[in-house]
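Take a moment to look over the chain before reading on, and keep the view open while you follow the paragraphs below.

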Amino acid sequence: MWVYEKRLQYPVNIKNPDPQMAQVIITQMGGPDGELAASMRYISQRYAMPNCEVAGLLTDIGVS
């Protein structure tokens with residue numbers, strides 16, 4: 001049996017919220033040009049790559 005506790009690794013104290021900067025950060029992480037989208041492109045391109053070494057490189061980049 002285990003208990004899931006949703007905690008941050010480090011405590012965060014926000015003194016001055018900045019909604020505009022938060023929007024920029026969210027867009028960079030999950031938007032169409034964000035890190036997740038880039039990772040998915042690397043992973044999907046891996047399967048069309050004829051060279052095994054390059055396919056391995058795309059896998060390494062996509063999962064990092």
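Which two side chains meet in a salt bridge? Keep the question in mind while we look at the chain as a whole, which is shown here as a predicted model.

Starting with the fold, the protein chain contains three helices and zero strands, and if you trace the elements from the N terminus on, they run α-α-α. The overall form can be described through its extent, for the C-alpha trace spans about 50 × 40 × 15 Å along its principal axes. The radius of gyration of the protein chain is 18 Å, whereas a compact globule of 64 residues would have a value near 11 Å.

Charge is the next topic, and here the protein chain carries 5 positive and 6 negative side chains, with the centres of the two sets lying 8 Å apart. Side chains of opposite charge can pair when their charged atoms come close. A search of the whole structure finds one salt bridge, and this brings us back to the opening question: the partners are Glu5 and Arg7, whose side chains meet at 3.5 Å, N to O.

Note on methods: Residues are numbered from 1 along each chain as its sequence is written. This is a predicted model: local features need pLDDT of at least 70, side-chain atom pairs count only at pLDDT 80 or more; totals for chains, interfaces and linings use all residues. Side-chain values use heavy atoms; hydrogens and water are left out. Helices (H or I, at least four residues) and strands (E, at least two) are DSSP runs, numbered from the N terminus. The radius of gyration is taken over C-alpha atoms; the globule rule is 2.2 Å times the number of residues to the power 0.38. Lys and Arg count as positive and Asp and Glu as negative; His and the chain ends are not counted. The place of a charge is taken as NZ of Lys, CZ of Arg, CG of Asp or CD of Glu. A salt bridge is a side-chain nitrogen of Lys or Arg within 4 Å of a carboxyl oxygen of Asp or Glu.
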